[in-house]
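Subject: Structure handover

Hello,

I am handing over the structure below. Please keep it open while you read the notes that come after it.

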Amino acid sequence: MDRYGLTRECSTVNRNNTVIELAKQGYSNRMFLSQDYCCTMDWFPEGVIEERFPKWSMSFVLEEVVPELKRKGVTEQQIQHMLFDNARCWFEGK
C-alpha cells in the first residue's frame, strides 16, 4: 500500500478503501503502509510537486491515513501489523 499522498493514479479515499477491505478480510499481516516520500526531487521545477501533491509528505500516513483507517474500523493490531510487524518479519526473512 505504497505511494500514499501521490494521487494521480489512485486517490487516498480509494487506497484507504482497499486497505480497509483487505484488513476486514484478514490480510493486515501481509500489507505495508508507506508514502514512498522523496526528501528531494529535481525532476520538476521547484514548487510543482507541492502544488500537484500537497499531501505527499513524510508524515501523511501517520497524521492522516492511520487515524482515518481507525475511524473506519481498522484495529490497532492491524495498524501494528501494517506499520511495524510485517516489515520486521520481511527483514528477518520470515
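This is a predicted model: local features need pLDDT of at least 70, side-chain atom pairs count only at pLDDT 80 or more; totals for chains, interfaces and linings use all residues.

Residues are numbered from 1 along each chain as its sequence is written, and side-chain values use heavy atoms, with hydrogens and water left out.

Helix 1 and helix 3

Helices here are DSSP runs (H or I, at least four residues), numbered from the N terminus. Helix 1 covers residues 12–24 and helix 3 covers residues 60–71. Their axes come within 10 Å and cross at roughly 55°. An axis is a line fitted to C-alpha atoms over the stretch in contact, and angles run from 0 to 180 degrees between N-to-C directions. For the term: under 35 degrees counts as roughly parallel, over 145 as roughly antiparallel, 65 to 115 as roughly perpendicular, and the rest as oblique.

Thr12, Asn16, Val19 and Ile20 of helix 1 are in contact with Phe60, Val65, Glu68 and Leu69 of helix 3, where contact means heavy atoms within 4.5 Å. Sorted by class, the residues of this contact between helix 1 and helix 3 are five nonpolar, two polar and one charged. Ala, Val, Leu, Ile, Met, Phe, Trp, Tyr, Cys and Pro count as nonpolar, Asp, Glu, Lys and Arg as charged, and the others, Gly among them, as polar.

Helix 3 and helix 4

Helix 4 spans residues 76–92, and its axis comes within 10 Å of that of helix 3, crossing at roughly 140°. Helix 3 and helix 4 are therefore oblique to each other, and their crossing is right-handed. On the helix 3 side the contact is made by Val61, Leu62, Val66, Leu69 and Lys70, and on the helix 4 side by Glu76, Ile79 and Leu83. By class, the contact of helix 3 with helix 4 has six nonpolar, no polar and two charged residues.

Salt bridges

Side chains of opposite charge can pair when their charged atoms come close. The structure holds five salt bridges (a side-chain nitrogen of Lys or Arg within 4 Å of a carboxyl oxygen of Asp or Glu). One of them joins Arg71 and Glu68 at 3.0 Å, N to O. Both residues, Arg71 and Glu68, lie in helix 3, three residues apart, about one turn of the helix. Arg71 is exposed, at 60% relative accessible area, whereas Glu68 is partly exposed, at 23%. Buried means under 20%, exposed over 50%, and partly exposed in between (1.4 Å probe, protein chains only).

Glu68 also meets Lys72 in a salt bridge, at 3.5 Å, N to O. Lys72 is partly exposed, with a relative accessible area of 46%. Shared partners join Glu68, Arg71 and Lys72 into one network of salt bridges. Lys70 and Glu76 form another salt bridge, at 2.8 Å, N to O.

A loop residue

Where does Tyr27 lie? Tyr27 is in the loop between helix 1 and helix 2 (48–52). Tyr27 and Met82 are 55 residues apart in sequence and 9.5 Å apart in space, C-alpha to C-alpha.

Regards

Definitions and conventions: Helices (H or I, at least four residues) and strands (E, at least two) are DSSP runs, numbered from the N terminus. A crossing is left-handed if the near helix is turned anticlockwise from the far one by less than a right angle, and right-handed if clockwise.
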